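Here is a short briefing to read alongside the sequence and the 3D view.

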Amino acid sequence: MAHLTPDKQDDGLLEFYGMGGMHQRGGLTIGLVRVRRRLPCDPGGPKNGIGYAVLATSRDGVHWQRFREPFLDRNPERGSWTMP
């Protein structure tokens, strides 16, 4: 069972919502981890949270290495994450 937890390198509240898009390449499993952080969607806005995906890799399906930089990031255009 895969287990990812926030650590001291993560600022603020960080939540993991699941992993999908799994691919196997030889002995390496690659997955996309869905992440949510309690940050403002727009500069100066309310801290409703932003979501993005990061890569994670494993050779045994139990121990995972999470990459910290967003692989699929949010749209940086102001207002693009607000509900109509």
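**Briefing on the protein chain**

Of the 84 residues in the protein chain, 24% count as buried. Please keep in mind that this is a predicted model. The chain contains four strands and zero helices, and its C-alpha atoms fill a box of roughly 45 × 25 × 20 Å along the principal axes.

**Fold and contacts**

**Surface and charge**

- The protein chain exposes about 6,200 Å², and 56% of that area is supplied by carbon and sulfur atoms.
- How many positive and negative side chains does the protein chain have? There are 12 positive and 9 negative ones.
- The centres of these two charge sets lie 2 Å apart.

**The largest pocket**

- If you are looking for a place to start with a probe, the largest pocket has a volume of about 170 Å³.
- Its lining is made up of 13 residues, and those closest to the pocket centre are D10, R37, Y52, R66 and R68.
- Which elements give two or more residues to the lining of the largest pocket? They are β2, spanning 28–37, and β3, spanning 50–58.

How values were computed
Residues are numbered from 1 along each chain as its sequence is written. This is a predicted model: local features need pLDDT of at least 70, side-chain atom pairs count only at pLDDT 80 or more; totals for chains, interfaces and linings use all residues. Side-chain values use heavy atoms; hydrogens and water are left out. Buried means under 20% relative accessible area, exposed over 50%, partly exposed in between (1.4 Å probe, protein chains only). Accessible areas come from the Shrake-Rupley method with a 1.4 Å probe; for residues, only the protein chains shown count as cover. Lys and Arg count as positive and Asp and Glu as negative; His and the chain ends are not counted. The place of a charge is taken as NZ of Lys, CZ of Arg, CG of Asp or CD of Glu. On a 1 Å grid over the protein atoms alone, a cavity is a set of points where a 1.4 Å probe fits but cannot get out, and a pocket is an open set with protein on both sides within 12 Å along at least five of seven lines; lining residues have an atom within 4 Å of a point. Grid points are joined across faces, edges and corners, and a volume is the space filled by probe spheres set on the points.
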